Amino acid sequence: MSEFLEFGAEHLPYILEGLPITLGLWALAMAIGALFGLLLAWARLYGNKLIYGAATAYVEIFRGTPMLVQMLFIYLGLPEIGIVFDPFTAAVIAIGLNTSAYQAEYFRGAIRSIPRGQLQAARAMGMSQFQGLRWIILPQALRRVIPQWSNEAILELKYTSIAYAIGVSELTARAEKVGYETFMFFEVFMLLALIYIVLTGTVAQILQFLEKRTAIPGL
Amino acid sequence: MLLQVENIHKRYGTAEVLKGVSLNVVAGQSKVIMGPSGTGKSTLLRCINHLTPPDQGRVLVEGVEITSANLNKMREKLAFVFQDFNLFTHLRAVDNVAVGPRKIRGMNKVAARDLAMRELERVGMVERAEAYPAELSGGQQQRVSIARALAMEPKVILFDEPTSALDPELTGEVVAVMKQLASDGMTMLVVSHEIGFARQAADEIIFMDGGHILEQGPPEQLFASPQHERTRQFLSRIGEGGAGA
Amino acid sequence: MIVEILITQMPYLLHGVWVALQLLVCLLALGFVLGLSLAILEVYGHWTLRWFGVLFERIFRGIPAIVLLLLFYYGVADFVDISAFTAAVLALGLRSAAYQSQIFRGSILSISHGQMLAARAMGMSKPMAIREIILPQALRLSIGPWTNEFSSEMKATSLAYVIGVVELTRQARYIISSTQGNILAVFAVVAALYFIFNWLGNWGLYRLERKLAVPGFEQGGQG
């Protein structure tokens, strides 16, 4: 046990240098996911046949295929047609596009769950469709989506580890490096596992706290 | 003495719901327990078959005390009919009735099914034997649940407000089955507001209030000349407009 | 040219699919047995088992799949020889057990308590009541959420790539290296294969759900 603690003390700093990368990857991907996801939700709720079709195809494809394959496609495949990204950017894009497909469905569900009467009342008083959505529907829908969104956020945080496969120097990649240098693979991956447990646990607590803070009775 | 209930105490939190209740039922008797809501009538019934273990007191069936060791075996002798029927939703009516004999008694498939059909016939549900609970009305479900109880060939059947969850038009069919059972000699302990059944089929009415048995006696005696003021109040209240307190 | 290459390489890709499917079946089976047992113990067992279950879930859901794979392959190899495939089955299987136990627990809990009461009142022992009354209903209710888990694990098999299991994604890599290019085409085909098998699995489970459905059987027990 004490050797494990020694091991941890010695190598933890190096591994944790990957934390900002992991978190940066996560934050950017979630941001892309949220913005693009909202757009996709709108397309699937209010878009014409063509827009709806395209958005649906996108959602089906990104949810029906593995994230690793999507990431390899973007990082290794796109250069074939001249689009080159560095590993970090490729990872951000891949994770971002992937989560946007899931978030689109959560947003769509939440918006649909708001009673029709709300939008009707908004239109009746003279608001446009857009204003109605912006000021009346979205604030309610966004609160309703928080539990699923939080779930998704935690999931994506774990998925950042996939970026290791294309060479991004985040937490997992660094741990592996330490492993190859010390050949103490068991210890280093246990350490990594602990780091992730603490990380996801903390983020989960924060999100739960935020959920309570923004709750509205009856919503 | 088929069923002996001795000195049952039960408390929930700080409230003592049953304050030392005792009663006896002889083979072939039908007894109806009545009283205002919340006096612990249903709790008493559930204490008898230990669905809710009593804090104090004991229950004897055919002279044998119910303990945690013989609980399952004893429950085979004490059938229970619930207010909410509680039929097994994934089984057809006939299978609901047959599952006890098959799985607990070890009967083979054919014999169990025959038994089930006989019991369903007894309660008038044989044409709907293949239906699922969700496809049956409340009254029909309750009759199937009585058949399910009968299939285990119990010594006593405990009825916990069997008609309270039913629409008024449907109570009749269930009460009719219960009356038939009583006249066939089944030993029954019933918690109910159904005056009709109490008056016509019960050997004795037990009136409970505030966690005690206040008085008990044959229906004619209790209805005609109740001893306690509370009993009088309760009876007059439900006497108007029929069943339901 | 591309089409030619795809045709000649298809057998390798299909072998990758075969390995992925084997991995999927093994890990889902492990997850099912362990997850169901855990769920039953958590709902009906001693409270200490509840805590164990919560701990188990916390751990296996808080660690990324890739890290579990690395831990079980490289980490365990420090002590005992283990094949990449076995490591993948264990890592992904235990993780799946954590997710599946949640699904089953939810289904078991959604069945009205009255069903259990009726079974016990009849004289059924607890184990018998669980086996004959609760589980048949709980398993039916679980098919929907379990379909999601199926899809999730199907995609997770691609991660076994990082520990060298030669499933579909790794096959794709080999093909790209050996044929010098056609990266987009190969990955597109690979994505399509995952998509198709995922769709087939979903369809199969949907049919199963329909076949086992009992009329009026929405959320757990009736009256």
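In this predicted model, one contact takes 26 residues from chain C and 31 residues from chain A. On the side of chain C that touches chain A, the elements giving two or more residues are helix 2 (47–62), helix 3 (65–77) and helix 8 (183–212) of chain C. Helix 8 of chain C gives the most to that side, with eight residues.

Chain C also meets chain B: 23 residues of chain C are in contact with 27 residues of chain B. Here helix 5 (113–121) and helix 6 (126–156) of chain C are the elements that give two or more residues to the side of chain C.

| Side of chain C | Nonpolar | Polar | Charged |
|---|---|---|---|
| touching chain A | 19 residues | five residues | two residues |

Of the two pairs of chains in contact, chains A and C share the most contacts. No contact joins chain A and chain B, and their closest C-alpha atoms lie 28 Å apart.

Helix 3 of chain A covers residues 49–64. Its 16 residues, at 1.5 Å a residue, should span 22 Å, and this agrees with its end C-alpha atoms, which are 22 Å apart. Buried in helix 3 of chain A are Ala55(A), Val59(A), Phe62(A) and Gly64(A). The cover over these buried residues includes helix 2 (19–46), helix 4 (67–77) and helix 5 (87–112) of chain A. Helix 8 of chain C is also part of that cover, and this is the helix that gives eight residues to the side of chain C touching chain A.

Notes:
Residues are numbered from 1 along each chain as its sequence is written. Chains are lettered from A and ligands numbered from 1 in the order in which they are written. This is a predicted model: local features need pLDDT of at least 70, side-chain atom pairs count only at pLDDT 80 or more; totals for chains, interfaces and linings use all residues. Two residues are in contact if their C-beta atoms, placed from the backbone, lie within 7 Å. Helices (H or I, at least four residues) and strands (E, at least two) are DSSP runs, numbered from the N terminus. Ala, Val, Leu, Ile, Met, Phe, Trp, Tyr, Cys and Pro count as nonpolar, Asp, Glu, Lys and Arg as charged, and the others, Gly among them, as polar. The expected span of a helix is 1.5 Å times one less than its number of residues. A residue is buried if 20 or more other C-beta atoms lie within 10 Å of its own, exposed if 12 or fewer, and partly exposed in between; C-beta atoms are placed from the backbone.
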